[in-house]
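This briefing is meant to be read beside the sequence and the coordinates.

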Amino acid sequence: MISASWQAVWVGEWRTFMAWSAVPLLLVTLFYFLVQESAQWLVTRHDIDGALLRLRRVAHFNRREVSEEDFEQFRVHCKGQESASSHHSMQRQSKLMDALKTPRLRLRMINVLLVFTIITLCYNTVSRNVEGLGLSPFIMFTLFALTLPPSGLFQAQAQKSMGRKFTAVSSMVATGLMTAACGILLTFWKQPSPVLLVALILTSRFGISVCTGATMQISAELVPTCVRSGILAVAHVSGAAFSFVSPFILHLDTYFRAASSIIICLLLFASAWICLLMPETRNKKLPMSLAEGEQFGKGERMFDFLRRPKKEDEADLSAETHQKLVPE
C-alpha cells in the first residue's frame, strides 16, 4: 500500500495497473495451506479428531511439547461436552438463523453489525479524503499507508494492557474529535500550515486504523465460535455495501468544508456509544455455543471495563487458563 500509488505512476495505464495490483492477491490462496482450521470451530462441528490434528500441528510449529495425556484429556473433555447436550441441539446452535432467536445474543449481533458497518464506512471515507490538503494525492496515499504498521502495534499493546472495549471506545472518541478539528480548521483557517495540516490528517488516519483493528478484534471475540464466520461475513459485506456512501459524504465538502469531518465525528461517537453497550472480552472465556453467547457478559454494566478485576476474578481466570491445552 505504501508503494501502490507510485506503481500506478510507473505502470502508466489504469487497466494494466488493475491487473498488476491483482497479482499479489493470488498469494491469498496460500492461506488455505499455511493456516490451520480453528480447533474450537471443529469442536462445535463434533470433529474432535480434526481439532486434535490441528492442535498437534500448531504445537509442532511452535515447538511446544504437549504430552499425549493432555491431548487425551482434551478429547475426554470434548466428549463430555457433547454428551451434556443432545446432538440435535448442538446442530441447531451451529446455524446462523438460530442466533437471531436468542434475545441477548441477537441484540449483541445487531450492535456488532452496526459498529462494523459504521467503522468500515468511516475508514473508507477518511482514506479517500486526499484533496485540498496542499500535497499531491500520491504523496498523501503513501503517508496514509505509513500509518498502518504503527497503528497496528499501538492497537495490540493497548488491547493487551487496557482491554478491547477501552481501546475501541477511546480510539473512536479521540479519532472523532481529531477528524472534526481538522475539518473546522480547514473551514476557518484559509491558509493553514501544510505541516500542521498533514500532521492532523495523519493523526486522524492513524486513529481510524486503530478503530478498525479494534472493531475487528472485539467483533470476532463477541460472536460465538459456532456462528462466527457467518455473522462476520455479513458484517464485512454490510460494511463494504454501505461504503458506497463515502464519495457522497466527501462531496458535501463542496458546500461546507467541515461537513464530511463532522459527519464522520458523529458516526464515530455513535459507534463508541454502541460499543459501551457491549461486554468486555479481555481475559474472559469466549463463547463457543449460542447458549454460552447468550450468557456471556450477563450482569456486566456499561462502565465495568474501567475497573480493575478483583482478586477473586483473577483467581477464576487463572483456573480457566489452566484448563487450556497449550499455555500461552
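Which residues lie nearest the centre of the largest cavity? In this predicted model, the residues nearest that centre are Val126, Asn129, Thr179, Ile201 and Ser261, and they belong to a lining of 16 residues. The points below begin with this cavity and then turn to the ring pairs, the charges over rings, the transmembrane annotation and several single residues.

**Enclosed space**

- Rolling a probe the size of a water molecule over the atoms shows where empty space is left.
- A search of the whole structure returns two cavities of 30 Å³ or more, and the largest cavity holds about 150 Å³ of space.
- Two or more residues of the lining of the largest cavity come from each of helix 9 (103-128), helix 12, helix 13 (194-222) and helix 16 (259-276), and helix 12 gives the most, with four residues.
- By residue class, the lining of the largest cavity divides into eight nonpolar residues, seven polar residues and one charged residue.
- The second largest cavity has a volume of about 30 Å³, and its lining is made up of Phe116, Ile119, Thr120, Thr212, Thr215 and Met216.
- The lining of the second largest cavity splits into three nonpolar and three polar residues, with no charged residue.

**Aromatic pairs**

- A pair of aromatic rings is described by the distance of the centres and the angle of the planes.
- Across the whole structure, the search finds six aromatic pairs.
- In one of these pairs, the ring centres of Phe166 and Phe305 are 6.5 Å apart and the planes stand at 55°, so the pair is classed as tilted; planes have to be over 60 degrees apart to count as edge-to-face.
- Phe166 belongs to helix 12 (residues 164-188), whereas Phe305 belongs to the loop between helix 17 (290-295) and helix 18 (311-321), so their pairing ties together parts that are 139 residues apart in sequence.
- The two partners fall into separate accessibility classes: Phe166 counts as partly exposed at 27% relative accessibility, and Phe305 counts as buried at 12%, because buried means under 20%.
- Ring pairs also bring in Phe303, which is linked with Phe166 and Phe305 into a cluster.

**Charges over rings**

- The charged end of Arg56 is placed over the ring of Phe71, at 4.4 Å from the ring centre.
- Lys284 lies over the face of Phe296, and its distance from that ring centre is 5.8 Å.

**Annotated transmembrane spans**

- An unreviewed UniProt entry places the feature "transmembrane region" at residues 17-35, 105-126, 132-154, 166-189, 195-218, 230-249 and 255-278.
- In the model, residues 105-126 are 100% helix and 0% strand, with 31 Å between the end C-alpha atoms.
- Residues 255-278 are 75% helix and 0% strand, and the end C-alpha atoms of this span lie 37 Å apart.

- His46, in the loop between helix 4 (39-44) and helix 5 (48-61), has a phi near 65°, which is a positive value in a residue other than glycine.
- Arg63 likewise has a positive phi, of about 55°, although it is not a glycine; Arg63 is placed in the loop between helix 5 and helix 6 (68-84) and counts as exposed, at 78% relative accessibility.
- Phe154, found in helix 11 (residues 148-162), is partly exposed with a relative accessible area of 45%.
- Phe154 and Thr167 are 13 residues apart in sequence, and their C-alpha atoms are 9.8 Å apart in space.

Technical notes: Residues are numbered from 1 along each chain as its sequence is written. This is a predicted model: local features need pLDDT of at least 70, side-chain atom pairs count only at pLDDT 80 or more; totals for chains, interfaces and linings use all residues. Side-chain values use heavy atoms; hydrogens and water are left out. Rings of Phe, Tyr and Trp (its six-membered ring) pair if their centres lie within 6.5 Å; planes under 30 degrees apart count as stacked, over 60 as edge-to-face and the rest as tilted. Buried means under 20% relative accessible area, exposed over 50%, partly exposed in between (1.4 Å probe, protein chains only). A charge sits over a ring if NZ of Lys or CZ of Arg is within 6 Å of the ring centre and within 35 degrees of the ring normal. UniProt positions are given in the numbering used here, feature names are shortened, and annotations may be inferred rather than shown by experiment. On a 1 Å grid over the protein atoms alone, a cavity is a set of points where a 1.4 Å probe fits but cannot get out, and a pocket is an open set with protein on both sides within 12 Å along at least five of seven lines; lining residues have an atom within 4 Å of a point. Grid points are joined across faces, edges and corners, and a volume is the space filled by probe spheres set on the points. Ala, Val, Leu, Ile, Met, Phe, Trp, Tyr, Cys and Pro count as nonpolar, Asp, Glu, Lys and Arg as charged, and the others, Gly among them, as polar.
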